[in-house]
Amino acid sequence: MRPLPGAPGVAAAAALLLLLLLPRTRADEHEHTYQDKEEVVLWMNTVGPYHNRQETYKYFSLPFCVGSKKSISHYHETLGEALQGVELEFSGLDIKFKDDVMPATYCEIDLDKEKRDAFVYAIKNHYWYQMYIDDLPIWGIVGEADENGEDYYLWTYKKLEIGFNGNRIVDVNLTSEGKVKLVPNTKIQMSYSVKWKKSDVKFEDRFDKYLDPSFFQHRIHWFSIFNSFMMVIFLVGLVSMILMRTLRKDYARYSKEEEMDDMDRDLGDEYGWKQVHGDVFRPSSHPLIFSSLIGSGCQIFAVSLIVIIVAMIEDLYTERGSMLSTAIFVYAATSPVNGYFGGSLYARQGGRRWIKQMFIGAFLIPAMVCGTAFFINFIAIYYHASRAIPFGTMVAVCCICFFVILPLNLVGTILGRNLSGQPNFPCRVNAVPRPIPEKKWFMEPAVIVCLGGILPFGSIFIEMYFIFTSFWAYKIYYVYGFMMLVLVILCIVTVCVTIVCTYFLLNAEDYRWQWTSFLSAASTAIYVYMYSFYYYFFKTKMYGLFQTSFYFGYMAVFSTALGIMCGAIGYMGTSAFVRKIYTNVKID
């Protein structure tokens, strides 16, 4: 049987993507089991300012010397690891499992003026470095200055204490000693020692020491969840009571109007949401962009839900870059969700350029993320930072967009158009749009949009603090049960708020509810981004062009993605509400 044309190329591309996305196994470091006297690799990762977590450089960008042991090359195992700027380099230190090493010199730094200036700059800016042994992170400080800030000292002795349980490494501690004054034209000897200790820590629990239960499970965190939960109960009760009572009165009034003769109806004072029944299902303005945003928002919600569930089941923080790799994989795999909801909505609104809509829907989020990353990448390259994304990684991301996301989006679009693309509205749409009467200023769509995001933001802003701290500071986020609860609360609050806003808008005989429901929920993003400014200036000590652009660039991406997700949730809930109330009323 002859192979299909182009099949080898497709197979090669698929194999490349799988190799990039899925972890590879190699040597005992990845099996995490060792025999006695077997080599244990100490990887040097990055160095950078303590207050700028994302501003990192290769460890040997500072003039440290390398041990005498033969170098071992390292490759990026996953796409997430490459995107996060992991730059592992072999330390050259000779470490063997359960084999103690007495204090020994492993290399010597010939300290000229240029090298001294580099170390002084690093010490002035509180540079820390990161290392890995058996995937366990270790942090150390480069040096320190005296009280007057005139003399600078380098830590030259790395004292390693490694705990083992059976044939596995379960604990690593670093103590920096050997403070040596930095004097030009001198030689500085770098030394190390290794002490192996038996430990009772289980291998599955070895990352527990890096977690911070006192921070993430603080009473404020529990109180914020309880507070948000009470807000949900109050909102749902309020919405149910107001809308049910109000709608019952509306239905009674409209039923009474049905019993009137034509003369009485003409003399009566007709008003309310029933009057716009001929326009309420009119296609939104700019349906192509609108449907693409709704499809993208539904996909972001699906990705958030699946990744949180996976993170609750698996401890993703134990593997470098695993969270980002999982998010990319899930985003690519859920592309049919985008195509289905976006394509079906566009078809129901009478759109004819469905291929263009599919392309916009497929590349809306990737283009926003990649555009921001491309801009920040220029700054990272200028700084020679490890966060500069390699060209091969860029090609891999483009391959995922064109060969995975786009085809799956096409499948979803075709399914959406065929399965739920028919405009089965409960009311007929009038040929001529009804004029929108004047109304009070607080009923204007612009005002509703600005106020609509306050309550959803209020339900999540405490959780935003914990998420920001885990990403921008040295905390590992692990309480994904909290995050799941907050996501559910956010969805309920968003739907309730947009339903109330839409009811008031329709009661004012304004049928422009589609964009209003989307934007009133999406305005949550504005408040989140405003909060990010407060967090930057009052909760961190970040500085410099690179860290500032990285922070505000990716916070803009995060806020926009959150806004699109909230907007889609608000629109879907409001759409079901509008369809329900117009189905239950008699229309001539």
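Predicted model: local features only at pLDDT ≥ 70, side-chain atom pairs only at ≥ 80, totals over all residues.
Residues are numbered from 1 along each chain as its sequence is written, and side-chain values use heavy atoms, with hydrogens and water left out.

View 1. Helix α9 covers residues 322-333 and helix α12 residues 391-420; helices are DSSP runs of H or I with at least four residues, strands are runs of E with at least two, and both are numbered from the N terminus. The axes lie 8 Å apart at an angle of about 45°. Axes are lines fitted to C-alpha atoms over the stretch in contact, and angles run from 0 to 180 degrees between N-to-C directions.

**View 2. Residues joining α9 and α12.** Ile328, Tyr331, Ala332 and Ala333 in α9 meet Ile400, Val404, Ile405 and Leu408 in α12, a contact being heavy atoms within 4.5 Å. The contact comprises eight nonpolar residues, no polar and no charged. Ala, Val, Leu, Ile, Met, Phe, Trp, Tyr, Cys and Pro count as nonpolar, Asp, Glu, Lys and Arg as charged, and the others, Gly among them, as polar.

**View 3. The disulfide of cysteine 65 and cysteine 107.** One disulfide is counted, the rule being a pair of cysteine sulfur atoms within 2.5 Å. The sulfur atoms of cysteine 65 and cysteine 107 are 1.7 Å apart. The torsion about their S-S bond is about 60°, so the disulfide is right-handed. It links distant parts of the chain, 42 residues apart: cysteine 65 lies in the loop between β2 (57-58) and α3 (79-83), and cysteine 107 in strand β4 (residues 101-111).
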